[in-house]
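Morning, everyone. Please bring up the model on your screens. I'll go sheet by sheet and then turn to confidence.

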Amino acid sequence: MSRGSRSFVRWFILAAALCLLVSPLTGAGPALAAEKIIKIGTIFPLTGPVATAGQRCQAAVQTAVEIINNKHPEIKVPLANKEGLLDGYKIVLVHADSQGKPDVGKAEAERLLNQEKVWALIGAYNSSVSKPASFVAERMKRIFMCGSSSSAALTQRDMKYFFRLAPTDATESVDFVEVLKWLNKTKKAGIKTLGVIYENSEFGKHAAEEAKKAAAAGGFKVVADVPFSPGATNLNSEVQTLKGSNPDAVFGAVLGADYSLWVKTMKQAKWLPKIVINYCSGYQDPVIAKQLGPDAEYFMGSSGYSPQFASLMPAVAPVEKIFKSKTGGVPFDGNSIQEAVAMLVLAQAIEKARSLDPDKVAKTLMENTWDSPLSLGGKVKFVKGGQNVQAKSIITQLQNGQYKRIYPEKMADAKIVFPMKPWDKR
Amino acid sequence: MMNTKVIDLKDALWLLLLAVLALLPLVPFVSGSFFGMHVLILVLLFASMAQAWNIIGGYCGQVSFGHSVFFGIGAYGAGMAVVTYGGLPWGGILAGMVLAAVVAVIISYPCFKLTGHYFAIATFAIVEIFNRAFLVWEWVGGALGLDYPVIEEGLANLMWYETKEGYYYCALGLFVIVFGIVRWLESHRFGYYMRAVREGQETAESLGVNSTAVKLGAMAISAALAALCGSFFVQYNLRVDPPMVMSLDMSMKFVLVTILGGSGTLAGPLLGAAVLIPLQEYTRAFWGGLGGGVDLMIFGVLIIVIVIKEPAGIIGILAGIGKSLARRGGTAQGGA
């Protein structure tokens, strides 16, 4: 390298460093448009181990905003038939990446509220990020809509500006145990023992605690309690622990790529319990299910939505068309659709309150029952602490690459394959 | 004949640095930006963390990737004092520092029998061990971590909710303490011992320096200061869990900031943090929302450029610029 170009690089780096040093001192952010704009901040893990799930959640909020801001007579959800809110206000989204880290999520919440001057926040997928980020919003008296974080602890904090759409891991655990009881009763399944495998995080730990509580209440014995570090590169010892205890049923709280690894490791170990039921994303993720192919078959989990629910939720199809245009054809899953619902319900509350006063909108959110054609129950109703008590999910099973509805029976569209087919018989 | 050279370039740079430091307390009065204050707080925090690492890694020449453990112990010290015992954080901060120093000595003693790469690899393993242990240790909150309750803000509880000024002055205090200690060590006999060990352990020992004692002492001071930084980190984020503090990611930041700025120099950690942290925060703020990690790619490319073009770190870049200025000055004088 010549002396001249080396010198140029040095000056360039020094100039960049000076610019970066000086920029914190200026209050300059993107200029606020003067009129009729409501800025909403989104915080999702756009990078890191659950990036694809986070990106889909972001696309879901964008989809909802497209419906709110523009006239879509073909879509049968509230506010689709008019343009904008409050006589001409449009929603503008400002996106942030939490990287799945609580400290980054908190810093981004502060930046969005203070620097970007957003009016409310939506996020943050990871329960461990939703917690500190919503705390920032609460202190600043700003609404935080939480679509898909499932840790029950989030709505046990008595916050006034926090609203969560998804069912909690507590209600899901009770549903899972009900499935086991139903199988024992109707199929004489003989399920007595349970194993729990979970990522060692806010989400996984809470899910496992609720699973153990529900199992004890239902008369099942927990014989394996297997935590693992999220983003694991090897789950051999965890699967061997499960195999050694050989529980009849396993509940899994395993996200993203860890889910693929877990399923593949069980295949290598040539072991399966009679039934596996999963919390949240790994199982629900249509991309992961596709990647796993036949190996993903016969696993079960709870879901607030999958394309096979279309007959129960006819309003979803035209909305999903917009969503797919943003995700390269990937449909909604149980998590991403909750983020779209979060945005739509917030918009309805603003419209009903006829105000942009966060206190008034939060009060309106709490006092009303909201129409939500994108939710399984068709309604959203918040109670103290911000939990949506109308949140419902269906237990599904992957059969021929499709999420078939299994339980409750009255909503079923297929019969359960029980016990799971062993690896060598597939 | 009159000597026109009143001040040389090195002195000028030091005066500039001192002037910047003297102006730092005034920043909250001129900065209207909440996010800007956040970035400056992180710059001061990471500069202090890197300076703490610089004691053992830069001055003493022992590359440790285990500093996130000591950082984490400090964070948990303050966190448990507030969350578990419902008290003020100060006792926990002190306990965390002492405990971190003790843990550092206990784990470093066998590790110091290893040299070079083997020492570094051993410290990697220690981070993983502590991370796993804290994840399953219920007394410290396990995987759920510790979430701060809503309590009165102010200096007593060392927390502020809606303003950054309090945190800023605390970060500045932390920075002054850590840099002050290192400055004092640098000119003290112990500082010379550390550098002697770095340059050649056998040679130092032949001159009567007890290299094991020097390394253990340096590690204990370094760990205690890292723990002090950790306790500030938890008070700032009002939450701690093992992946936040005791991770290889965090350990790498200790090393990266120091090496980027200039290892084994007093100003290096500040320069490293002053470039790396705004780069990290602003690339995320500008491009993070686009998804796909564009910010991280740009961040990574810039680090690679700096490291390849100037392995001596930013302090090397400044020295290069200084030389280039001096050369031009000399040419101009010769031509006149």
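In what order do the five strands of the open parallel sheet in chain A run? The order is E2-E1-E3-E4-E5. Keep in mind that this is a predicted model.

Look at the edges of that sheet. Strand E2, residues 90-97, and strand E5, residues 162-164, of chain A each have a single partner strand, so one side of each has no neighbour in the sheet. From one strand to the next, the twist averages 20°.

Now the E5 end. Strand E4 of chain A, residues 143-146, pairs with E5(A) in the parallel sense, over three bridges. There, A:Cys146 sits opposite A:Arg164 of E5(A).

On to the other sheet. Seven strands of chain A make an open sheet with mixed pairing. Read it as E7-E6-E8-E9-E10-E13-E14.

Zoom in on one pair. Strand E6, residues 193-199, and strand E8, residues 249-253, both of chain A, are parallel and share five bridges. One detail: A:Gly195 has A:Val250 in E8(A) as its bridge partner. Helix H7 of chain A, residues 236-245, packs on this sheet and touches E6, E7 and E8 of chain A. Its direction makes about 175° with that of E7(A).

Last, confidence. Chain A has a mean pLDDT of 88, with 92% of its residues at 70 or more. Where does pLDDT stay under 50? Over residues 24-33 of chain A. For that stretch the model has 18 contacts beyond four places in sequence.

Methods:
Residues numbered from 1 in each chain as written. Chains lettered and ligands numbered in written order. Predicted model: local features only at pLDDT ≥ 70, side-chain atom pairs only at ≥ 80, totals over all residues. Pairing = 2+ DSSP bridges. Helix = DSSP H or I, 4+ residues; strand = E, 2+ residues; numbered from the N terminus. Contact = placed C-beta atoms within 7 Å. Axes fitted to C-alpha atoms, helices over the stretch in contact; angles between N-to-C directions. pLDDT = per-residue confidence, 0-100.
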